[in-house]
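Hi,

Here is the structure I promised to pass on to you. Have a look at it first, and then read on for my notes.

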Amino acid sequence: MPLLEIENLTVSFQTAGGQFTAVDKVSLHIEPGEIVSVVGESGSGKSVAMLALMGLLPWTATVTADRLAFNNQDLKTISKSELRKIIGSKMAMIFQEPMTSLNPCFTIGFQLTETLKIHLGMNRAERKKRAIELLELVGIPEPRKRLTAFPHQLSGGMNQRVMIAMAISCNPELLIADEPTTALDVTIQAQILELLLNLQKKQGMSLVLITHDMGVVAETAERVAVQYAGQQVEKQQVKGLFSNPHHPYTQALLNSLPERSNSKILPSIAGVVPGQFDKPKGCLFSPRCDYATTKCHTIPPTAASEELGKALCHYPIVDGKPTNYPEEVNP
Amino acid sequence: MFLYLFKKLAVTIPTFFGVTLVAFIFIRLLPGDPVLLMAGERGISDERHAVLMAEMGFDKPILVQYGYYLADLAHGDFGTSIITKRPVLEEFATLFPATMELSICAMLLAILLGLPAGMIAATKRGTAIDHTVMTTALAGYSMPIFWWGLLLIIFFSGTLGWTPVSGRISLLYYFEPVTGFMLIDSLLSGQEGAFQSALSHLILPTIVLATIPLAVIARQTRSAMLEVLSEDYVRTARAKGLGPQRVIGLHALRNAMIPVITVIGLQVGVLFAGAILTETIFSWPGIGKWMVESIFRRDYSAVQGGLLLIAAIVMLVNLAVDLLYGIINPQIRHTDS
Ligand SMILES: Nc1ncnc2c1ncn2[C@@H]1O[C@H](COP(=O)(O)OP(=O)(O)OP(=O)(O)O)[C@@H](O)[C@H]1O
Ligand SMILES: [Mg+2]
């Protein structure tokens with residue numbers, strides 16, 4: 001039985017310019033102990049989807065889903081207080097910006113022990129012992145001393161370690177890491193990633209790793225979901241995705257990997273993810289797609305079969321070539 | 001922390017000298033010379049004028065005069081009232097507890113109502129509750145104090161007859177001041193009904209004086225809260241599964257308090273200004289009423305000394321506020337030192 005089931009999750013925001021759909025029918029199943037990666041450029045709705053799951057979106061957001069379940073417990077009908085018992089304990093999340101994600105007014109120790117008190121009901125001595133244990137676990141030197149430090153006295157990497165310690169404090173079954181390394185130095189990025197993978201193995205938890213770095217995906221995950229402009233455009237095993245991508249966007253992402261490029265200049269995908277006011281009529285990727293036809297510009301595609309990674313494309317790519325592609329156009 | 005304290009003091013002391021300069025110049029900027037001013041309509045003979053000028057040191061060069069003035073201040077001599085011939089500091093000290101009692105009560109009322117009102121408005125933003133709180137605050141903010149005070153007197157004292165119109169306590173009661181705070185002294189006196197009488201005298205002036213600070217605090221709390229509620233660390237707090245009381249009342253409020261405390265500190269100055277009107281309306285025997293009367297009596301040395309003392313108190317409060325910041329937000333304390 002999957003640990004997490006998301007079926008057709010849709011999130012729209014009420015904005016000054018009308019409703020804006022930031023996440024459009026995204027589905028994701030996660031088995032216990034599995035690492036799944038969600039990739040996509042900035043603005044593709046990766047964070048919003050996960051925040052919706054955790055119930056952390058502002059009031060301007062409308063969330064709908066056919067199914068949203070954790071451990072077979074329906075998160076759509078659950079009361080707020082019931083949900084609060086799950087998030088932070090069984091299902092935890094760490095964020096993109098470690099420097100702003102911790103409260104500047106409270107010590108590391110205070111913030112770290114809060115969950116232990118609320119979810120596990122530990123007493124003061126137990127909390128302190130566990131906090132030191134956790135800081136040790138995430139590789140923070142002199143943990144006892146750090147308990148009384150404030151976030152601004154630690155580096156970004158150290159703060160992210162604290163965030164991780166906080167997230168795993170109640171031994172979660174699912175950890176959602178939202179671009180945990182984006183804001184950090186390159187050398188620190190690798191360390192944090194390694195830490196996450198070690199913890200995942202040690203604790204046997206499931207890990208959802210949000211990233212826009214295909215390299216990270218290759219090194220870490222078992223399955224990948226590719227997201228573009230709020231839609232899930234492809235879902236595959238990592239191996240299959242790298243050897244045989246089915247969506248032109250995935251193909252383009254892979255082509256922009258440094259080790260795959262044979263020219264001196266790194267190829268990148270021209271253009272940006274469409275926002276609220278420039279959503280194309282047909283396929284959302286069509287303005288940037290090398291293969292786009294008139295059909296692509298006018299008719300939104302439907303998802304392809306399971307074997308084709310459910311690619312959201314009129315002409316899913318197989319072995320580098322689009323299928324059913326009209327003869328008369330030259331890609 | 002000590003370095004932080006030291007730095008704040010280093011700023012306060014020059015400011016205080018600035019204020020002494022203003023107070024010193026004030027009396028010399030008035031048209032005519034001080035002796036003429038004191039003589040008023042009656043006029044004065046030239047010989048007597050010269051004698052008095054020499055007696056008060058006004059014939060010396062201005063810098064020397066300022067030097068004497070500072071030396072006097074250093075000895076705790078804030079001048080002598082021309083009318084009562086009592087030291088200004090002494091007069092001030094007798095009257096100050098009345099103003100302080102009124103100000104503390106008004107500030108407490110403003111904080112105890114303003115903080116929750118602003119917090120509720122922020123968490124219920126855009127709803128009818130929010131609009132009601134904000135409209136009321138705007139009305140309170142733009143209320144002319146004098147008119148508002150009279151309105152309350154007419155309604156509560158006149159129409160309903162619930163509250164007394166003036167003074168600090170009914171004339172039926174008399175006891176020697178111990179703390180100078182009527183609420184406490186009336187309790188200490190053990191006289192039956194004295195405390196109730198003091199309390200009922202305090203209610204209307206407190207409301208009148210609290211109105212503007214209350215409105216300002218409510219508005220500032222709301223806007224600070226709104227800003228903080230969208231911060232990442234508030235999302236983190238919610239992601240930990242903490243309940244709304246803890247997220248809003250602890251994680252958000254602690255951060256929102258920083259701008260709110262600044263405003264509360266600034267309101268102390270506003271409060272003294274308000275006390276002048278409020279005390280006049282309610283015949284409250286405090287500093288505000290005394291200052292107004294001193295001005296009418298042309299008791300310029302009293303006004304000068306009073307001004308300086310009030311400024312010193314406001315500065316002390318602001319210093320305390322600065323220190324409070326450092327305690328609430330360690331980041332300020334650490335980066336400043
Ligand atoms: N509170 C909000 N109100 C309105 N629009 C929002 C809100 N939060 C996010 N969005 C919009 O939703 C879209 C998706 O945002 P999201 O943060 O999920 O992107 P992302 O894939 O996580 O990108 P990144 O890689 O930069 O983190 C963006 O266009 C963003 O502007
Ligand atoms: Mg994001």
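Below are my notes on the ligand site, the salt bridges and a surface patch. Please keep in mind that this is a predicted model.

**Ligand 1**

- A:Lys46 places a polar side-chain atom 2.9 Å from an oxygen atom of the ligand.
- A:Val48 has a polar backbone atom 2.9 Å from a ligand oxygen.
- A:Ser44 has a backbone N or O atom at 3.2 Å from an oxygen atom of the ligand.

On its own, ligand 1 has 640 Å² of accessible area, and the protein covers 69% of that.

**Salt bridges**

Over all chains, the structure holds 15 salt bridges. In one of them, the side chains of A:Glu41 and A:Arg288 meet with an N to O distance of 3.0 Å. A:Glu41 sits in the loop between strand E3 (35-39) and H1 of chain A, while A:Arg288 sits in the loop between helix H11 (248-255) and helix H12 (294-298) of chain A, so this pair ties together parts that are 247 residues apart in sequence. A:Arg288 counts as buried because its relative accessibility is 10%, under the 20% cut-off.

Also in chain A, the side chains of A:Lys145 and A:Glu142 form a salt bridge at 3.3 Å, N to O. Here A:Lys145 is exposed, with 53% relative accessible area, and A:Glu142 is partly exposed, at 45%.

In chain B, B:Arg86 pairs with B:Glu90, with the closest N and O atoms 3.3 Å apart. Both are partly exposed: B:Arg86 has a relative accessible area of 32%, and B:Glu90 has 42% relative accessibility. There is also a network of salt bridges with shared partners, which joins A:Glu114, B:Lys240 and B:Arg246.

**A nonpolar patch on chain B**

Which residues form a nonpolar patch on the surface? They are B:Phe2, B:Leu5, B:Leu9, B:Ile13 and B:Phe17, with about 490 Å² of accessible area together. B:Phe2 belongs to helix H1 (residues 2-29) of chain B, and its 71% relative accessibility makes B:Phe2 exposed.

Best wishes

Key: Residues numbered from 1 in each chain as written. Chains lettered and ligands numbered in written order. Predicted model: local features only at pLDDT ≥ 70, side-chain atom pairs only at ≥ 80, totals over all residues. Heavy atoms only, no water. Patch = residues over 30% accessible without salt bridge, like charges linked within 9 Å, V, L, I, M, F, W, Y side chains within 5 Å. Areas by Shrake-Rupley, 256 points an atom, 1.4 Å probe, with all protein chains shown as cover. Salt bridge = Lys/Arg side-chain N within 4 Å of Asp/Glu carboxyl O. Helix = DSSP H or I, 4+ residues; strand = E, 2+ residues; numbered from the N terminus. Buried < 20%, exposed > 50% of the residue type's maximum accessible area, 1.4 Å probe, protein only. Polar contact = N/O pair within 3.5 Å; in protein donor to acceptor, adjacent residues only side chain to side chain.
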